[in-house]
Amino acid sequence: MDSSVFVFAEDLRGEGVERVLDKIKGYGAAGVTVGAVHHAVRDVTPHGLSRLTVRHDGAHFPPPADLFSGLRLRPLAGHQDTFDGLREACAERGLRLHGWSVFLRNATLGRAHPDVTVRDCFGDRGSPADLCPAHPDARAYAVALARAVARLGVESVVAESLHFRPLRAGRSFVPLGPMDAYLFGLCFCDYCMRRAADLGVDAEVAREECAGILGRVLDGDPPAQGEVTRAALTAYAGPDVVAYARARSETVTTLVSDVAAAVGDEGSRLVFADATGAVKGYRDGLPTPGPAAHDAWQLGVDLVALGDLVPAFAVLAYARDAARVADDVGAYLRSVGKDREVRAVLRPGHPDTDSADRLVAKARAAKAAGAAAVDFYAYGLMPHPVLDRVPAALAEVR
Ligand SMILES: [Zn+2]
């Protein structure tokens, strides 16, 4: 069974490439998945150079001029020497090198180019970090970025945020149910509306329905109860909104197809990671009912369509329960096709895992359900005693 450990550029800078790779080799992992492009965030890093690490929106390599010279969106400069000599250092240890890239989550680019960000049903652009997958400039940026990461000589490009993202409302003293939040997160930019209209959807009616429902909730109506399903959404918001939401998958499928082809051209391969598993279980490892694969459509991710276009998928199996990990892996395989590579991403510590035995059980469950690999998230975020659970889990599935 294949395996890797997610590593941040800051981990390699703080602790040194040799030391980090030696540790990961010592865990028995087959490879490392190194952050090549990340989003801005502050992380507690228990054994890092600093205990609180400030990450910025940026690429940890020099962006090739030929890929970005004609584009409006270009990656911001991160720690540009991160990949210098990294491939050789991995090869010396027999470790596979994968490049992990965040695509459309970038508040710095979004603030500089607000027209590229998502626009809600009221016409507001309140989510600078969310670049719209329908915008041509965002799409051109994503394809060039994928090519650039592939050119680092990585075996695969692991794609994060290459789809629509759920609403992050920030502070709200208005109770919003899951369905209200979902409607609030739908993008109604000109490009999204045009694409939906091209598919026969009445986009303006959908926008008006959303604005009407949300307007009433913001005026004090009680929020909708229950989780987002197609049936519940149809009952709550009507068929035009559901048709509009479903039309988003064409936007994402065509983008992922272009990105997968670009990565393939450069001699690497795409591993597509959609955020649904994180949406459901990130906070506490107790994901909402129903496997992630069944909810991926909400972010515009059509796993059945992508199964024909993408060689590999990463499932964010952010769950405490081993049976739940197996359910998620099984549901992905049924959606993308049994012959596709599905990798289970496990968090070896808080909030998903409280012991080595639990991590072993989850790795075993992932393998039994048909996962081709387990990946562990992430080196710099977990204390050393937590990382020391990884060898037992890998020994179980090797
Ligand atoms: Zn849009």
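Modeller: A residue is called buried when its relative accessible area is under 20%, exposed when that area is over 50%, and partly exposed in between, with a 1.4 Å probe and protein chains only. This is a predicted model, in which local features need pLDDT of at least 70 and side-chain atom pairs count only at pLDDT 80 or more, while totals for chains, interfaces and linings use all residues. Residues are numbered from 1 along each chain as its sequence is written, and side-chain values use heavy atoms, with hydrogens and water left out.

Colleague: Why is Tyr-244 called buried?

Modeller: The relative accessible area of Tyr-244 is 2%, and the limit for buried is under 20%, so Tyr-244 is buried. Phe-188 has a relative accessible area of 1% and is therefore buried.

Colleague: Why is the pair of Phe-122 and Phe-184 called edge-to-face?

Modeller: The ring centres of Phe-122 and Phe-184 are 5.9 Å apart and the planes stand at 85°, so the pair is edge-to-face. Phe-122 lies in the loop between α5 (107-112) and α6 (136-150) and Phe-184 in helix α7 (residues 178-185), so the pair ties together parts that are 62 residues apart in sequence; here a helix is a DSSP run (H or I, at least four residues), numbered from the N terminus.

Colleague: Is Phe-122 buried, exposed or partly exposed, and how do you know that?

Modeller: Phe-122 has 35% relative accessibility and therefore counts as partly exposed.

Colleague: What makes a set of residues a nonpolar core?

Modeller: The set must consist of buried Ala, Val, Leu, Ile, Met, Phe, Trp, Tyr and Cys residues joined through side-chain atoms within 4.5 Å. The largest nonpolar core has 118 residues, of which Ile-24 and Leu-183 touch the most other members, and its largest share, 11 residues, comes from helix α11 (residues 239-265). A second, separate core of 15 residues includes Phe-6, Ala-273, Ala-278 and Ala-314.

Colleague: Which residues are in contact with Leu-183, leaving aside its neighbours within four places in sequence?

Modeller: With contact taken as heavy atoms within 4.5 Å, Leu-183 meets Cys-210, Ile-213, Leu-214, Leu-233, Tyr-236, Ala-237 and Val-241.

Terms used:
Helix = DSSP H or I, 4+ residues; strand = E, 2+ residues; numbered from the N terminus. Phe/Tyr/Trp six-rings, centres within 6.5 Å; stacked < 30°, edge-to-face > 60°.
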